[in-house]
Amino acid sequence: MKKMIFVLVYSIAALSIFSYGKAAENEQLSIALSGQYASKMTDASEKLEELDNAVKKTLLFNEADGSSKARDDIWRLSSDIKNSVSSLPMDPSFSTSWLNYLGRLGNYAKEATRVADNVEYHRVMELASKNLRSMADEWQVATAGMVSGNLSIDGWKKRLDVADSGHDWTAMGTSVKQYTESDFPLTASESDSMKKKDLKNIADPEVTREEAIAEFKKLFPHLSNETIGVEMSQPGSPYPFYHIRFAEAESVGYIDITEKGGHVLSFLTERPFGKEIQPFDELKKKAETFLKDAGYKDLVYEEARENNTAWHMVFVRVEPEYGAKVFSDVIHLKIAKDNAGIVGLDASEYIRKEKTERQPITKKNWKTFFHSCVEIVKEEYAYVENDRLEQRLTHYLTVTINENGQIGTYAVIVDTETSEVIKTEKLQ
């Protein structure tokens, strides 16, 4: 009995010590986390003032060279503030808007170093300076008392939560969103990119169910004898389409045809494959003929890869103004090696055509642009999306260089107007 009492007393004492230790550990973690929050908040507040000063400094000069250091500071400080703000448990509606504004401000300042239109830069940055000052003042009021490091975790949560803080973070987020829209409005390509998320920008006239079936029979006469179901896409789909299921002999599959325009959105069939008998060049010709018959007449072959049963080919839309490939507008097509039948197609990217614009083509001296060891083996025009979601006309160059006895092949993509190198990619 005495032993049992001893064990119970010892267990309770050990549990109490463990619980006290865990509580102390949790308290230490809470203090450390609160200190980190305070440090991030202090950093964001201080750098917000520095950012405002950097914006003002760039407005002193008429030439971009005079303000290049301050423009670099804008890009650096905006990135630093984004890192600090993203580490705080803030209201998502505010932090998302604030991070978006900072990103646009930094990118604009960085891009402006390559653009000669300083008048436009002054116009944008004068407005940004005014709005940034308002934001800094409101931020100071909202965060007063939060940089002391004395708040508990519950205290931080209350101060940064929309419902409990006593400060209208949602209204601040709305204000910053308005600043973003006024100071840095969406470009045409960014707007188009956002539309792609909804996929509702097809403006073609609607086709009926019967017209969709007729299109299927025209393109695949050997498969369309046994249509086993036609359904409309589900309500709330990105855009309406007819989902046609079929079965023919040993083949089963489906084809999706858009209600607007009657475009083949996707196609897939499953069947047993026979022995490979068709040469690649013949398959490529048949694929090109099929695409033209399907109404896709502005495509060129770009590349292909294979497996044991089929070739997967990629075709790119060509914009007629410059004869430029639009690499965001592609069709993927699978063609069987045994009988050259189409077994798969995805045209969703092609249907949502990018908006391209005319663009100046400045003269380039590639001999001085590249190192003397670099050889240009191919040059063509292409529309390529840059890191600001803009579709830019580019020189799409294939170059080679001797790399310790081996030939390295690269794709170098250069903006035709600004000479910005948008991307460099090793091909071999």
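Lys337 sits in the loop that links strand 7 (324–336) and strand 8. The model is a predicted one.

Is Lys337 buried or exposed? Its relative accessible area is 4%, so Lys337 is buried, the cut-off being under 20%. The side chain of Lys337 has a polar contact with the side chain of Glu306, at 2.6 Å. Glu306 is also one of the residues that Lys337 touches beyond four places in sequence. Others on that list include Glu276, Ile277, Gln278 and Leu283. Asn307, Asn308, Thr309, Ala310 and Trp311 are on it too.

## Strand 8 and Gly344

Strand 8 covers residues 342–346, and Gly344 is part of it. Gly344 has a relative accessibility of 5% and therefore counts as buried. Leaving out residues up to four places away in sequence, Gly344 touches Phe267, Leu268, His332, Leu333 and Lys334.

How far apart in space are Gly344 and Tyr254? From C-alpha to C-alpha the distance is 9.7 Å, while 90 residues separate them in sequence.

## Two nonpolar cores

How many residues make up the largest nonpolar core? That core has 37 residues. Those with the most contacts inside it are Phe220, Ile244, Leu291, Tyr296, Ile335 and Leu345. Leu345 touches Leu291, and also Val264, Leu265, Ser266, Phe267 and Phe290, again not counting residues up to four places away. Ile331, His332 and Leu333 complete the list for Leu345. Another core lies apart from the largest one. It has 32 residues, among them Leu51, Phe94, Tyr101 and Val176.

Helix 8 spans residues 209–219. Ala212, Ile213, Glu215, Phe216 and Leu219 are buried there.

## Confidence

The average pLDDT of the chain is 78. A score of at least 70 is reached by 75% of the residues.

Where pLDDT is low, predicted coordinates should not be read in detail.

Notes: Residues numbered from 1 in each chain as written. Predicted model: local features only at pLDDT ≥ 70, side-chain atom pairs only at ≥ 80, totals over all residues. Heavy atoms only, no water. Helix = DSSP H or I, 4+ residues; strand = E, 2+ residues; numbered from the N terminus. Buried < 20%, exposed > 50% of the residue type's maximum accessible area, 1.4 Å probe, protein only. Contact = heavy atoms within 4.5 Å. pLDDT = per-residue confidence, 0-100. Core = buried A, V, L, I, M, F, W, Y, C linked by side-chain atoms within 4.5 Å. Polar contact = N/O pair within 3.5 Å; in protein donor to acceptor, adjacent residues only side chain to side chain.
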